[in-house]
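Here are my notes on this one, starting with where the two chains meet. Have the viewer open while you read.

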Amino acid sequence: MINKEPVITVKNMVKRFGTFVANDNLNFEVYKGEIFGFIGANGAGKTTAIRILCGLSTPTSGEMNVAGYDIYHQTEKIKKNIGYMSQKFSLYEDLTVAENIRFFGGVYGMKITERKARTEEMLERLDLMAFKNRKIGDLPLGWKQKLAFSIAILHNPKIVFLDEPTGGVDPITRRQFWNLIYEAVQKGITVFVTTHYMDEAEYCDRVSIMSEGQIVALDTPENLKKQYNAINMDEVFLKIAR
Amino acid sequence: MIEVQNIRKQYGDVVALENVSLSIQRGELFGLIGPDGAGKTTLMRILMSLLLPTAGSASMDNLDVVKDYKKVRLITGYMPGRFSLYPDLTVEENLKFFATVFGTTIEENDHLIKDIYQQIEPFKTRRAGQLSGGMKQKLALSCALIHKPEILILDEPTTGVDAVSRKEFWEMLKRLKNMGITILVSTPYMDEATLCDRIALIQEGKIMSVATPEEMMHSFPEDLWTVRSRKIYNTSKILEIIPSLISVNSFGQVLHLVTAKGQHTTESIREFLTKNGENDIIVESDKATIEDVFILLMQKHNQTV
């Protein structure tokens, strides 16, 4: 599934806010079709890096390429080729399910016929047809998150960035959410995900661990467990971050 | 110490809490475990006299939370889910403010907060709004403790906090419990449940179960198996059609397979998998975690709806 063809390339990425170094010389590649886990303590610099990779913030220095486009000069192209969702912002609460889909389809520049076909297919698959005209605010959190993810990949992006997508979600929905991630990967979408649930780190093909602005470990969960002599990723994380 | 009797809370058509009853002992570290929207915050806000229940009653140290709300507030410390200190005041100013409101001083209750406050003291002239998540959490806990409360109510103190800070926070709670403070804490992280003396599992406004974590895990009514395989996703798809299946879920690098009591052995499961083309599988009988218990209770609840 993974053919080591990079869809994200990061070389010497630095981001400073005044004297504070949020990202201190990051170097990594994300391959096409992989689930790339981005783990780290609060304030380690994860969100800063994601914002740069999504074209929302300019790095201080370094070379970065996302989905084949340069991070300095082609941010609009990048935005068309990625999807994004987070726990904090996903969908508009005051719009209905259908209106949200229409809105995001429009933002991503999808053709009307394509959007309509995909909407039907998506609502069918999520079992949400009956709730098409319900406001997002009335839906349970778990449904919202599943819907938000499906909308983030509605335009079939090359990469989808998920920033703590499962925070506070019940354990059944959390697993259904990961099944959606696997399905997206099977369609060839690359997944870049952050999480505080260490069992979810196990579901990633590779995991990078950030601490104080630097990447201190990057490998498959299996290799990391071996390297740190740990029984699970929780232990790996504790050993590294403490 | 905390008595909740048949509490119901309704917002329009939405029932946030349905007939909730709980009894929490003095000195207990009690966990309210459930996902977002389960009703944890609503219950805590009722106990803190910030919301009125639609029906039912609750008391803390024999003080009614509605009638005696002023007295209740004096004996309780509360840490809401959203950071609610003054972002424009410094760390020290926030702490002083809360001490003054309760007619005490930082010095008087220094022994209570020392352990926690020490960690943020180097930043005491920094504005609270400028602190990192972990530091905000420690300051909020210090402020909740400054008037030496008998009861602490903490609403999701570890949500969105990384695994290391979460561990540290629970160690702090243990120490406070040992000082005799009764603690009611809510969390969506199932793995934190085992750190409590007793827990209530809450979902959609209803308490599904109350017990010690050990009791809950031991009284798991079905058989649970850990299944290891190289292609976990494929294996889980195949297990979805095994006879007597109750559920199959991924738990990190392994699968947890739950089947009806007494219907399977490790051999019969392995046989089933081999027949369906899955080799190199390890099947072991295992004990349920709190998350397994929660999933099972949720499943049963969904079936009856």
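1. Between chain A and chain B, 9 residue pairs are in polar contact, both at pLDDT 80 or more (N or O atoms within 3.5 Å; within protein, one must be able to donate a hydrogen and the other to accept it, and residues adjacent in sequence count only if both atoms are side-chain atoms). On chain A's side, the elements giving two or more residues are α6 (171-186) and α9 (233-241) (helices are DSSP runs of H or I, at least four residues, and strands runs of E, at least two, numbered from the N terminus). The top contributor there is α6(A), with 8 residues.

2. Before going further: this is a predicted model, where local features need pLDDT of at least 70 and side-chain atom pairs pLDDT 80 or more, while totals for chains, interfaces and linings use all residues. Residues count from 1 along each chain as written, chains are lettered from A and ligands numbered from 1 in written order, and side-chain values use heavy atoms, without hydrogens and water.

3. The rule finds 3 salt bridges across the interface (a Lys or Arg side-chain nitrogen within 4 Å of an Asp or Glu carboxyl oxygen). Lys167(B) and Asp234(A) form a salt bridge at 3.5 Å, N to O.

4. Over in chain B, 4 strands make an open antiparallel sheet, ordered β2-β1-β4-β5 (strands pair if DSSP finds at least two bridges between them). Edge strands β2 (14-24) and β5 (63-64) of chain B each have a single partner, so one side of each lacks a neighbour in the sheet.

5. β1 (residues 2-11) of chain B pairs with β2(B) over 7 bridges; Glu3(B) has Ser23(B) as its bridge partner.
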